[in-house]
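Hello,

Here is the structure I promised to pass on. Please have a look at it, and then read my notes below.

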Amino acid sequence: MSTGVELRNIVKRYGTFTAIDNVSLSIRDNEFFALLGPSGCGKTTLLRTLAGFEMPQEGTVLVGGQDVTHTRPRNRPLNLMFQSYALFPHMSVERNVAYGLEMEKLPRDEIRSRVAEVLASAQLTQFANRKPDQLSGGQRQRVAIARALVMKPEIVICDEPTSALDVSVQSQILNLLGDLRREFGLTYLFISHD
């Protein structure tokens, strides 16, 4: 099944302000696609349009050749990783990663198996019982990555996921994302101002 993404002639306005003006792009299967630009240029609006959180006034969003322009966010085959990690502070690493699967009401054995696999791939097994405040910034970002991947998305959208990290940790996270892309056959849309 194709996991490619195509945005065709996307226009998004907020009142009289045009945030996205006739933007088209294609992302191939298993591609690590970087969208670079300064703050305020429309990167996040484009991401939110692809994810379904914003509705364009014009244009079409295709995922795997299917028109998803009017499909609800939860029904699109993608997952988001944010700059802020968005981890639940009262839950362990393991519970943070399992949360989406629990909301899908999957069988417990399947949840345990998928969480264990993704924790191992993200090099987090030894931190499974820790809370987010007991982790470094890089470790928290790996938890966010694991939480995105455990849902088995076809596409992972990364909104400036390394901007809060120092340069050496940024490199580690980017290398990990590349390794996981190959291991799980993912397509990435990576948004950054840097």
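Helix 2 (residues 93-103) and helix 3 (residues 108-121) have axes that come within 10 Å and cross at roughly 130 degrees. The crossing of helix 2 past helix 3 is right-handed. Before going further, do keep in mind that this is a predicted model.

Which residues bring the two helices together? From helix 2 come V93, E94, V97, A98, L101 and E102, and they meet I111, R114, V115, V118 and L119 of helix 3. Sorted by class, this contact holds 8 nonpolar and 3 charged residues, with no polar ones.

Helix 3 also contains S121. Is S121 buried or exposed? With a relative accessible area of 15%, S121 is buried, because the cut-off for buried is under 20%. Leaving aside residues up to four places away in sequence, S121 touches L176, L180, E183 and F184.

Now to the aromatic rings. Searching the whole structure turns up 3 aromatic pairs. One of them joins F32 and Y188, a tilted pair at 5.1 Å centre to centre with 45 degrees between the planes. F32 belongs to strand 3 (residues 32-36) and Y188 to strand 8 (residues 187-192), so this pair ties together parts that are 156 residues apart in sequence.

F32 also pairs with F190, and that pair is tilted too, with 5.6 Å centre to centre and 35 degrees between the planes. Here again distant parts of the chain are linked, since F32 is in strand 3 and F190 in strand 8, 158 residues apart.

Best wishes

How values were computed: Residues are numbered from 1 along each chain as its sequence is written. This is a predicted model: local features need pLDDT of at least 70, side-chain atom pairs count only at pLDDT 80 or more; totals for chains, interfaces and linings use all residues. Side-chain values use heavy atoms; hydrogens and water are left out. Rings of Phe, Tyr and Trp (its six-membered ring) pair if their centres lie within 6.5 Å; planes under 30 degrees apart count as stacked, over 60 as edge-to-face and the rest as tilted. Helices (H or I, at least four residues) and strands (E, at least two) are DSSP runs, numbered from the N terminus. Axes are lines fitted to C-alpha atoms, for helices over the stretch in contact, and angles run from 0 to 180 degrees between N-to-C directions. A crossing is left-handed if the near helix is turned anticlockwise from the far one by less than a right angle, and right-handed if clockwise. Contact means heavy atoms within 4.5 Å. Ala, Val, Leu, Ile, Met, Phe, Trp, Tyr, Cys and Pro count as nonpolar, Asp, Glu, Lys and Arg as charged, and the others, Gly among them, as polar. Buried means under 20% relative accessible area, exposed over 50%, partly exposed in between (1.4 Å probe, protein chains only).
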